[in-house]
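The sequence and the model are shown first.

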Amino acid sequence: MKLTLLGGGGFRVPLMFRTLLRDESDQRVTELRLWDTDAERLAVIRSILGAMASGHPKAPVVRVAGDLDDAVAGADFVFSAIRAGGTEGRATEETIAHCCGVLGQETTGFGGLDYALRGIPTAVHIAEQIARLAPGAHLINFTNPAGIITEVSAQILGDRVIGICDSPVGLARRALSTLEGAGLVPAGTASQVIAGDDRVRLDYLGLNHLGWLQRLLVDGEDVLPRLLERPGLISSFEEGRLFGADWIRHLGSVPNEYLHYYYFARETREADESVEATRGVFLAAQQRDFYTRAASLPGPQAYELWEATRLRREETYMASNRLAAGGVERDEEDLESGGYDRVALAVMKAIAFDEVTDLIVNSRNGGRIPQLPHDAVIEAPCRIGAAGLTPLPVSPLPEHATGLVQSVKYAERTAIRAAREHSLELAVAAFAHHPLIDGVGVARKLLARSREEFPELGYLS
């Protein structure tokens with residue numbers, strides 16, 4: 001099986017490679033192609049992968065592609081994890097957001113929409129190249145904002161695009177681990193979240209970074225009420241500490257962690273503005289330091305540096321949200337990979353070898369949320385196999401969630417139209433309609449500032 005990884009110089013690539021190394025089956029990935037626009041970063045990651053492969057006789061052959069066409073041609077699967085403008089672009093967007101008094105987060109609100117406007121032209125080009133050079137390949141999208149990029153890619157590739165995210169997986173794993181620790185579900189249940197064991201089913205619905213876990217079925221029984229009726233248990237895991245037991249019990253479901261930006265918008269913005277450096281600014285500085293230092297190290301030492309840097313990166317994940325919630329710390333087990341790498345491998349094996357599995361992915365709605373268009377991309381459980389995706393039954397969106405989902409999806413789809421039609425006014429409309437951007441005036445101000453900082457947005461007119 002041949003896998004192409006777009007964004008091959010990205011910091012998280014070794015996580016994917018680590019998962020590939022663990023798979024020694026006959027159905028493993030045998031060739032990994034890397035492509036990136038930054039040759040220096042790509043060289044660092046290639047060196048680290050070489051060190052990781054030492055002692056693994058069945059490790060995939062790693063090849064650096066000369067260009068995008070070379071990377072895509074003949075691939076069985078293309079995994080996209082690119083970052084338009086790099087981490088520096090994220091830091092710039094956070095600065096713009098703070099100057100205009102709105103939240104600065106790379107996938108939510110202004111940051112997500114602006115990031116999409118910068119990234120959609122590249123995503124469209126990638127999808128067109130796949131359609132031309134690898135007409136049988138599937139695109140697995142991890143590029144943020146994942147819902148928007150998956151949706152615009154699906155306009156070209158149809159159902160051969162599957163968007164993945166590790167947030168729902170992490171949420172379900174934490175909830176089940178909490179129940180395991182209290183003896184309320186059998187030991188080992190949490191490990192089945194990605195394993196394809198149909199004993200565990202997740203009733204989860206929404207958009208990327210905007211969903212709710214409404215039921216948690218183990219052997220056909222919903223065990224989520226066992227968690228919701230115990231405030232002490234709710235407060236013992238990440239989402240419970242972020243949102244508070246009272247709010248989760250009020251909702252009657254467990255929200256995705258990114259909903260903290262909506263439910264506690266003012267508190268998170270104030271916390272974000274009080275820190276010495278925003279998350280994006282911190283990561284930009286950290287990445288510059290890592291790649292500079294790693295470039296002069298042999299592979300094994302670069303790998304050690306990568307691991308230490310990765311741990312610090314995970315410790316600061318959603319730091320402003322945890323500060324707004326009272327300074328809660330991340331659990332040690334949450335400092336490991338969230339699971340996107342294992343989700344990606346499970347998707348590939350399911351399609352290539354009909355190893356049928358049930359996963360929460362980003363795919364076209366098809367009526368699961370009646371209030372949204374059929375071709376709108378949502379995040380929900382699907383059964384995946386050689387025949388493709390089959391939507392699994394889910395509970396309807398709760399009443400409190402419907403309006404929010406509609407508003408955010410309208411803003412996302414308007415941003416897609418803006419990019420495809422090169423329309424500045426549609427871009428303003430996308431910003432203005434988002435619940436985290438308070439009005440047309442600030443929308444125009446945000447977009448004007450962004451166009452000053454990002455020449456690539458000059459295509460909007």
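A helix is here a DSSP run of H or I with at least four residues, numbered from the N terminus. The model is predicted.

**Helix α7 and its end.** Just after α7, Gly-183 adopts a positive phi of about 70°. The helix itself comprises residues 167-181, and its 15 residues should span 21 Å at 1.5 Å a residue; the end C-alpha atoms lie 21 Å apart, which agrees with that expectation. Helix α7 is mostly covered, with 12 of its 15 residues buried. Among the buried positions are Val-169, Leu-171, Leu-176 and Leu-179, together with Arg-173 and Arg-174.

**Packing of α4 and α5.** Helix α4 (residues 86-99) packs against helix α5 (residues 110-133) at an angle of about 135°, and their axes are 10 Å apart. The residues that make the contact are tabulated below by helix.

| Helix | Residues in the contact |
|---|---|
| α4 | Gly-89, Arg-90, Glu-93, Ile-96, Ala-97 |
| α5 | Phe-110, Gly-111, Asp-114, Tyr-115, Arg-118 |

Thr-19 belongs to helix α1, which covers residues 13-22. Is Thr-19 buried or exposed? Its relative accessible area is 5%, which is under the 20% cut-off, so Thr-19 is buried. Leaving aside residues up to four places away in sequence, Thr-19 touches Asp-341, Arg-342 and Leu-345. With Asp-341, the side chain of Thr-19 forms a side-chain polar contact at 2.8 Å.

Key. Residues are numbered from 1 along each chain as its sequence is written. This is a predicted model: local features need pLDDT of at least 70, side-chain atom pairs count only at pLDDT 80 or more; totals for chains, interfaces and linings use all residues. Side-chain values use heavy atoms; hydrogens and water are left out. Helices (H or I, at least four residues) and strands (E, at least two) are DSSP runs, numbered from the N terminus. Buried means under 20% relative accessible area, exposed over 50%, partly exposed in between (1.4 Å probe, protein chains only). A polar contact is a pair of N or O atoms within 3.5 Å; within protein, one must be able to donate a hydrogen and the other to accept it, and residues adjacent in sequence count only if both atoms are side-chain atoms. Contact means heavy atoms within 4.5 Å. The expected span of a helix is 1.5 Å times one less than its number of residues. Axes are lines fitted to C-alpha atoms, for helices over the stretch in contact, and angles run from 0 to 180 degrees between N-to-C directions.
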